[in-house]
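Here's a quick briefing on charged side chains and how they pair up. Have the sequence and the 3D view open as you read.

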Amino acid sequence: MRAAADDLGRIVEFGRQFHAYSPWSAVPYDADATREFVARLIDGLGAVFITENGMVGGLLSPLFFNPSVLVGVEMFWWAPKDGRALREEFEAWATEAGATAVQFSALADDNLERVDRIYGRAGFVRAETAYVKGL
């Protein structure tokens with residue numbers, strides 16, 4: 001279901017869980033900044049969807065080389081359960097909002113091969129890989 005302002009507490013807690021699991025865990029978690037960012041998404045900058053077991057949120061972004069093409073970009077996704085339903089809701093929102101493509105990311109952890117197969121079955125292809133220095 002689409003998140004509303006009264007879901008912010010649960011979203012911040014899901015964010016804390018994701019942060020603890022992620023390779024970003026060495027960076028301090030700022031609950032207030034998370035709440036503020038997610039509130040902006042909910043208020044119209046993007047969209048956030050939540051279930052009892054997870055969340056996904058993101059926004060529309062134009063391609064820099066062709067701004068007439070919009071992409072629905074996932075900014076965060078934490079779903080120990082309900083992941084597929086959340087992904088499908090985000091995809092539907094992005095498409096209805098005018099996106100011609102949807103982009104999701106995956107952590108480079110022990111589950112990457114499994115996640116790669118899940119994305120593949122859903123029709124996604126790898127577009128790029130991110131590298132981080134300085135953590």
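A salt bridge here is a side-chain nitrogen of Lys or Arg within 4 Å of a carboxyl oxygen of Asp or Glu. By that rule, the count comes to five salt bridges. Keep in mind that this is a predicted model, where local features need pLDDT of at least 70, side-chain atom pairs count only at pLDDT 80 or more, and totals for chains, interfaces and linings use all residues. Residues are numbered from 1 along each chain as its sequence is written, and side-chain values use heavy atoms, with hydrogens and water left out.

**Pairs within a helix** (helices are DSSP runs of H or I, at least four residues, numbered from the N terminus)

- Arg87 and Glu91 make a salt bridge, with 2.4 Å between the closest N and O atoms.
- Both Arg87 and Glu91 sit in helix 3 (residues 83-96), four residues apart, or about one turn of the helix.
- Arg16 pairs with Glu13 in a salt bridge at 3.4 Å, N to O.
- Helix 1 (residues 8-21) holds both Arg16 and Glu13, three residues apart, again about one turn of the helix.

**Another pair**

- Asp7 and Arg10 form a salt bridge, their closest N and O atoms being 3.7 Å apart.

**Buried or partly exposed** (buried is under 20% relative accessible area, exposed is over 50%, and partly exposed is in between, with a 1.4 Å probe and protein chains only)

- Arg87 is buried, at 7% relative accessible area.
- Arg16 is partly exposed at 38%, and Glu13 is partly exposed at 37%.

Conventions: Helices (H or I, at least four residues) and strands (E, at least two) are DSSP runs, numbered from the N terminus.
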